[in-house]
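Please open the structure in your viewer and keep the selection panel at hand.

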2 protein chains.
Amino acid sequence: MIKQVRPSTVARPIGSAIKSTVGAAVSGSRSLASVAETYYPEEPVAPKIVSATVPGPENAKAIEKLTKVFDTRAAYFVADYYKSLGNYIVDVDGNELLDLYAQISSIALGYNNPAVLKAATSPEMAISLANRPALGNFPSSDYAEILADGILAAAPPGLDKVWTDLSGSGANETAFKAAFMYKRAQERGFDADFSSEELESCMVNSKPGCPDLSILSFETAFHGRLFGSLSTTRSKPIHKLDIPSFNWPKAPFPVLKYPLDKYAEENRAEEDRCLAEVERLIKTWPNPVAAVIIEPIQSEGGDNHTSPYFGQGLRDLTKKLNVLFIVDEVQTGVGATGKFWAHEYWNLTDAPDIVTFSKKFQAAGYYFSEPKIVPNLPYRQFNTWCGDPSKAIIARAIYKEIVANDLVARTAQVGEYLIGKLEALSTKFPTKIQNLRGKGTFIAWDMESPEVRDSFLKALRTNGVNCGGCGPKSVRLRPALVFEEKHADIFVDVVEKVFQL
Amino acid sequence: MIKQVRPSTVARPIGSAIKSTVGAAVSGSRSLASVAETYYPEEPVAPKIVSATVPGPENAKAIEKLTKVFDTRAAYFVADYYKSLGNYIVDVDGNELLDLYAQISSIALGYNNPAVLKAATSPEMAISLANRPALGNFPSSDYAEILADGILAAAPPGLDKVWTDLSGSGANETAFKAAFMYKRAQERGFDADFSSEELESCMVNSKPGCPDLSILSFETAFHGRLFGSLSTTRSKPIHKLDIPSFNWPKAPFPVLKYPLDKYAEENRAEEDRCLAEVERLIKTWPNPVAAVIIEPIQSEGGDNHTSPYFGQGLRDLTKKLNVLFIVDEVQTGVGATGKFWAHEYWNLTDAPDIVTFSKKFQAAGYYFSEPKIVPNLPYRQFNTWCGDPSKAIIARAIYKEIVANDLVARTAQVGEYLIGKLEALSTKFPTKIQNLRGKGTFIAWDMESPEVRDSFLKALRTNGVNCGGCGPKSVRLRPALVFEEKHADIFVDVVEKVFQL
């Protein structure tokens, strides 16, 4: 038997917390209330700001050094991941910030999570990194198990197959490719040969070999930044300016009033309007629509929610019009909404055709179930790596921890607690917390203007809390699944303090 | 000081070779001749076939299991990377194959290389995997050093900046985005604001915000399989069928006669013809060309070489016509051609504007030098991860090993030896080895037909050698940089044996 590498030899986070908790952290289920304490008994009890300014002088030095080799203009601060722990990110000045942004919603279980570190230092991780396979041609002997026990065990209801890729953009783009091939196969016949005209025209990027098909996306959507995914992204001009794009249709996204239950009737009318427009666009767009893609909650675009009625409406409509229904769970997936997949809130009668994932799972790809979504020939959906076992190993560790500790239910609980406290705060500061909305800890609210929001986020950091924005003027909370009531208390206290500045 | 995790506890490759060699392998430079022996003293001395058929019965079982969760139709065989070592890949039946394909040209230093395993089991690897940063927003304190000592230390002559991504397709697509933004900035003025018309039109994927610019690529080129990169890929219909594509121009690639020096004059005329056509296309294509992209040796398309004359001609032409010159070194880069970057053979008077990389470096991205190739605002070239430190750590280990052991010069030597032996063999089998060509160990030849080539590759595997194809009927050799004369001898013997079957 291969000797396990001990994670405790690897990291030196705040107070060497990992060293003392590895045993506990990987030994199965705990009560819902004590997860973070079991993981992170040495996690800071509160944010700590040690530099006179945030970011501080060491950060300035680090940025200067990094700027010589990398674009740092978007950097909030330079982080010390050796010292970060649990819900706290530590910067190079030694400031310890409570992190409700978690690498743009990409850290599932907190910093230096013992179970993830254990996977990261496992023999199979070393083997997968040192011998990265071209999975399509030379799959590894353990990939079936890695997928079955991890990514596939986590598959959304009704879906049982996966294609793995490397990023959210890549996941969506390979899903689009699958949708286009499926659409043309329906037209041509699934077993029909390509015509010589198709074979020739595709080599000069022309019809019929490269058909003028399209993907329908929604106003203020974000699906990635490569050429296909960017053609479906509609959140901000900065993403799209100067980049050639496909002539693909954009439907209106329901502009709902919050709280949703209070405005149920008005919201229903708005959703009907949008569904009708989706139908009209699919029926009339000059480039036939192969698929509709939607986020269950638009994230980058401003935390815009959808209702079960709208989700089911889209499912029905896409079935009726024979286009695929792609749900982009790159940001919403893996538990933060209080369901493992946010579209589970829709209670669909039929599963989506394709669900894409990345971010918190580290691994990326798309789920599906219809066998014919696999193209009729090998090498049609293909690339050198076809995924990355090292990320699939991390995804498996994350999935197992989430299940063992019931972290999705826990996040639903904590989210309810947090939004309750924010609701109370909003009655005190009604202009500063508008349109409060959320599921689980996947929470946002609007402020008065982009400027007010941006200053607020800066002031939060100065007061020990790292948080992000989305849309024009929203505050976006994206803590890890180990965020607890005690962290919520600290967060709300800091928010109130900053509001009073 | 953090205790180093010992790589020797991790793997159990053939004969536990790693255990005994870690010390030697990481302790600096050795003589050119003994590299593989120092690394891999327990590497097999010859291929070993133990199953009655190749692939064998265990492979059939593994494929059956994997097929339940992954598309295996392109699988050559299921590999056991725990047992693979150096130049030998081991399958699940225990067959030990000499590997001249190396995961589609993506394994730089052989299987279970001790230096790469050491990096894979280092504390910084564990930290980078367990706390994967959103590098644009929260860069890690060690990323500057990881880049400076690794990816950037390896930069091609004249280039000193890098943007990191995740795959070859992603590297090329982000390079295209940089080229488009640069082109429009030249037209608009680098400090000019976007017009309101641009800001509005880009949100509906239209001009002028999303301009109809293009990238010029070459006949039989391969640059990736996402929507932008696929629009420049022109090697095989199977890559492109049914996928919408941009209306971008394709120039003829010089069809050279081999050996190149024998046909210098005819080849020069062919290259002039192609250069003239590139110029004509750039001047007349309806969608203005922002950049030309080319592989120094077209790989997937059939190992089609270019001469220094042609490379310099393109450099001159792109400068004259004010379009960027992108050299795609995804497959040719990192030493296998006998230069670290294959375009070094061109001896350019001015460096290319952009050079892309991936595969053997595991990390991916693009090099450049012109500061204005960085867009004028943050968040224009951006995504969640902006690269992956775990891959950059592997790239650094690979680069340092290559330098410490002079593996590029060594590969040039071995390549000369190998091509000499293949030349001799071609005089004996002139129909079976046609158009033999190569630089370093980056070698190919043509066979009589696709069918003959495909049968030959299968027969090679049955006889203990794993090798790939490219183009319609070429055999493609892509061994790691630890491939030596003794491996060349074995390979040529097996080839001759198969020819005689």
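**Where the two chains meet**

Begin by colouring chain A and chain B separately. In this predicted model, about 11,500 Å² of area is buried between chain B and chain A, and carbon and sulfur atoms give 65% of that area. Next, select F70(B), F138(B) and D242(B): these residues supply 7% of the area that chain B buries against chain A, more than any other three residues.

Now display the residues in contact across the interface. On chain B there are 123 of them, and they touch 123 residues of chain A.

**Polar and charged links**

Select K65(B) and E145(A), whose side chains form a salt bridge with an N to O distance of 3.4 Å. In total, 10 salt bridges are found across the interface of chain B and chain A. The same interface holds 58 residue pairs in polar contact.

Then select residues 168–188 of chain B, which make up helix α8. With eight residues, helix α8 gives the most to the side of chain B that touches chain A. By class, that side of chain B comprises 71 nonpolar, 27 polar and 25 charged residues.

**Inside the structure**

How many cavities of 30 Å³ or more does a search of the whole structure find? The search finds 14, and the largest cavity contains about 110 Å³ of space.

To locate the largest cavity, select R132(B), D165(B), L166(B), D388(B) and K391(B), which lie nearest its centre among the 17 lining residues. Finally, highlight β3 (161–165) and α14 (389–404) of chain B, the elements that give two or more residues to this lining. The lining of the largest cavity consists of seven nonpolar, three polar and seven charged residues.

Terms used:
Residues are numbered from 1 along each chain as its sequence is written. Chains are lettered from A and ligands numbered from 1 in the order in which they are written. This is a predicted model: local features need pLDDT of at least 70, side-chain atom pairs count only at pLDDT 80 or more; totals for chains, interfaces and linings use all residues. Side-chain values use heavy atoms; hydrogens and water are left out. Contact means heavy atoms within 4.5 Å. Buried area is the accessible area (1.4 Å probe) that two parts lose on being put together, summed over both. A salt bridge is a side-chain nitrogen of Lys or Arg within 4 Å of a carboxyl oxygen of Asp or Glu. A polar contact is a pair of N or O atoms within 3.5 Å; within protein, one must be able to donate a hydrogen and the other to accept it, and residues adjacent in sequence count only if both atoms are side-chain atoms. Helices (H or I, at least four residues) and strands (E, at least two) are DSSP runs, numbered from the N terminus. Ala, Val, Leu, Ile, Met, Phe, Trp, Tyr, Cys and Pro count as nonpolar, Asp, Glu, Lys and Arg as charged, and the others, Gly among them, as polar. On a 1 Å grid over the protein atoms alone, a cavity is a set of points where a 1.4 Å probe fits but cannot get out, and a pocket is an open set with protein on both sides within 12 Å along at least five of seven lines; lining residues have an atom within 4 Å of a point. Grid points are joined across faces, edges and corners, and a volume is the space filled by probe spheres set on the points.
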